[in-house]
Amino acid sequence: MQRFSKQREAILGNLRSRYDHPTAEMVYMDLKQSFPNLSLGTVYRNLAVLCESGVILKVGVSLDGKERYDGHIQPHAHFFCERCGAVYDVTEHLDVSKIEKELGAEIHYASNTLRGICRECLDK
Ligand SMILES: [Zn+2]
Ligand SMILES: [Zn+2]
């Protein structure tokens, strides 16, 4: 196990504590209070290193065109909302009607990546 810097530990800890598959900007916004010297570029660099080390994953690009990251690396699928850009974990695998019930969503496409409209957007 390689040694991680304090900032890198904090970035990893932040990713592992959340399930919203944040962008680099979202991680940066969370951590800049505790690390006033942190820059967005540093967050990007550390995310790249953590991905290469295999301790986090890139899950794909959402609506805003920005890469989303996941601190939970056990195999699971993801649901991307086409309306709000939210990314949810899917624990059921490829049983689409079950997944629609789990998420309260409408699923349009399925592989390891599912796309459609999330419950919050459908409720609007
Ligand atoms: Zn949505
Ligand atoms: Zn995930």
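Biologist: In this predicted model, which residue in the turn between β3 and β4 has a positive phi?

Modeller: Strands β3 (residues 77-81) and β4 (residues 87-90) run antiparallel and are joined by four bridges. H78 stands opposite D89 in β4. The two strands form a hairpin with five residues between them, and the turn residue with a positive phi, about 85 degrees, is G85.

Biologist: Which residues of α3 are buried?

Modeller: Helix α3 covers residues 40-53 and has 14 residues. A residue counts as buried if 20 or more other C-beta atoms lie within 10 Å of its own. In α3 the buried residues are V43, N46 and L47.

Biologist: Which residue follows α3?

Modeller: From its first C-alpha to its last, α3 reaches 20 Å, close to the 20 Å expected. The helix is followed by a residue whose phi is positive, near 80 degrees: G54.

Biologist: How many residues of domain 2 are in contact with domain 1?

Modeller: The domain assignment gives domain 1 (6-70) and domain 2 (77-123), and their centres, taken over C-alpha atoms, are separated by 23 Å. Eight residues of domain 1 take part in the contact; they divide into three nonpolar, three polar and two charged. On the side of domain 2, the number of residues in contact is six.

Notes: Residues are numbered from 1 along each chain as its sequence is written. Chains are lettered from A and ligands numbered from 1 in the order in which they are written. This is a predicted model: local features need pLDDT of at least 70, side-chain atom pairs count only at pLDDT 80 or more; totals for chains, interfaces and linings use all residues. Two strands pair if DSSP finds at least two bridges between them. The expected span of a helix is 1.5 Å times one less than its number of residues. A residue is buried if 20 or more other C-beta atoms lie within 10 Å of its own, exposed if 12 or fewer, and partly exposed in between; C-beta atoms are placed from the backbone. Domain bounds come from an automatic or database domain assignment. Two residues are in contact if their C-beta atoms, placed from the backbone, lie within 7 Å. Ala, Val, Leu, Ile, Met, Phe, Trp, Tyr, Cys and Pro count as nonpolar, Asp, Glu, Lys and Arg as charged, and the others, Gly among them, as polar.
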